[in-house]
Amino acid sequence: MENTRLSDSQLLSQYKKGNEEAFSELLERHKDRVFTTIYLIVKDQYLAEDLMQEVFIKAIRTIKSGKYNEEGKFLPWILRIAHNIAIDQFRKNKRYPMIIMEDGSNVFNTLEFSEESVESAQIKQDTYNLLKGFIKELPETQREVLVMRHYMQMSFQEIADATNVSINTALGRMRYALINLRKKLKQNSNAYDKNFYRK
Amino acid sequence: MIKTSTENELIRFLYKESSQNEETEINRALAEDKDLQEDLFSFSAMIEKLNKLTIKAPERAVNKILAYARQSDMESA
């Protein structure tokens with residue numbers, strides 16, 4: 001059967017000509033990867049939603065103004081925008097981590113609580129959900145390499161260049177990320193087994 | 001004990017970024033080192049899980065982006 005799927009580059013030129021459906025298709029193709037990249041950096045569902053909108057709006061403006069010049073490389077381009085916006089936000093939040101509400105509570109705790117309740121309502125004890133949580137707990141440098149390699153499809157050399165470290169440091173961070181995730185999943189499965197046998 | 005350089009090479013190998021020579025080297029190291037073999041399988045399983053992990057973008061955010069795209073189309077028409 002003939003493959004009639006249009007490439008990203010073809011969709012982009014259609015969109016530039018005013019074909020709105022072409023943009024919907026691009027969004028449909030890449031929205032989850034963009035969202036995953038942002039979410040794993042900022043670790044907050046609602047903030048990730050806002051930032052995803054910001055990323056795509058920036059992309060729309062750039063394309064519409066004729067400034068987009070990376071034909072055929074739409075995904076790495078938009079993932080770079082996503083990464084930069086998410087990292088900026090993450091660092092800003094780290095500098096100003098506390099927003100105290102009228103009742104004295106921290107607004108970030110409120111958001112985190114809301115997010116947890118949504119998540120727990122969806123899938124409990126699912127490996128991927130657990131993994132998502134464990135990635136959020138990784139040290140920043142390890143999480144950054146993991147996101148860049150898995151979701152932004154950057155090579156270790158590109159990651160090393162982008163983060164101003166040697167390739168061995170980038171590889172070491174990835175290795176420690178895998179070791180930490182393996183350890184956390186193992187601990188979790190041991191804890192689950194103990195609870196199971198206790199019953 | 002596994003050398004750190006070998007451990008890092010294993011990571012490159014798993015992500016298919018090794019050169020032909022590095023692949024030969026890591027295969028040789030794997031044949032001699034049980035700990036490295038254990039890492040190969042457990043890391044490979046973890047990488048597979050990570051590759052499958054995608055978080056679904058919320059519909060309301062997607063709809064807002066589409067609305068913005070439509071609006072900007074109308075403005076530029």
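Visitor: Which residues does A:Lys31 touch, not counting residues up to four places away in sequence?

Guide: This is a predicted model, in which local features need pLDDT of at least 70 and side-chain atom pairs count only at pLDDT 80 or more, while totals for chains, interfaces and linings use all residues. Residues are numbered from 1 along each chain as its sequence is written, chains are lettered from A and ligands numbered from 1 in the order in which they are written, and side-chain values use heavy atoms, with hydrogens and water left out. Contact means heavy atoms within 4.5 Å. With that separation in sequence, the residues touched by A:Lys31 are A:Met52, A:Phe56, B:Lys56, B:Ala57 and B:Val62.

Visitor: Is A:Lys31 buried or exposed?

Guide: A:Lys31 is placed in helix 2 (residues 20-42) of chain A; helices (H or I, at least four residues) and strands (E, at least two) are DSSP runs, numbered from the N terminus. Buried means under 20% relative accessible area, exposed over 50%, and partly exposed in between (1.4 Å probe, protein chains only). Because its relative accessibility is 2%, A:Lys31 counts as buried.

Visitor: Which residues have the most contacts inside the largest nonpolar core?

Guide: A nonpolar core is a set of buried Ala, Val, Leu, Ile, Met, Phe, Trp, Tyr and Cys residues joined through side-chain atoms within 4.5 Å. The largest one has 80 residues, and those with the most contacts inside it are A:Ile38 and A:Met52.

Visitor: Which residues of chain B are in contact with A:Met52?

Guide: Neighbours of A:Met52 within four places in sequence are left aside here. Within chain A, A:Met52 is in contact with A:Lys31, A:Val34, A:Phe35 and A:Ile38. In chain B, the contacts of A:Met52 are B:Ala57, B:Ala61, B:Val62 and B:Ile65.

Visitor: How many Å does helix 3 of chain A reach from its first C-alpha to its last?

Guide: Helix 3 (residues 45-64) has 20 residues. The expected span of a helix is 1.5 Å times one less than its number of residues, and for helix 3 of chain A this expectation is 28 Å. The reach from first C-alpha to last is close to that value, at 28 Å.

Visitor: Which residue with a positive phi follows helix 3 of chain A?

Guide: At the start of helix 3, a side-chain oxygen of A:Asp44 reaches to within 3.0 Å of the backbone nitrogen of A:Tyr46. After helix 3 of chain A comes a residue with a positive phi, near 80°, namely A:Gly66.

Visitor: Is A:Asn164 buried or exposed?

Guide: A:Asn164 is in the loop between helix 8 (156-163) and helix 9 (167-198) of chain A. Its phi is near 55°, a positive value in a residue other than glycine. With a relative accessibility of 71%, A:Asn164 counts as exposed.

Visitor: What is the relative accessible area of B:Lys16?

Guide: B:Lys16 lies in the loop between helix 1 (4-14) and helix 2 (20-32) of chain B. B:Lys16, a residue other than glycine, has a positive phi near 55°. B:Lys16 is exposed, with a relative accessible area of 75%.

Visitor: What percentage of the residues in chain B is buried?

Guide: Chain B has four helices and zero strands. Of its 77 residues, the buried share is 43%.

Notes: Polar contact = N/O pair within 3.5 Å; in protein donor to acceptor, adjacent residues only side chain to side chain.
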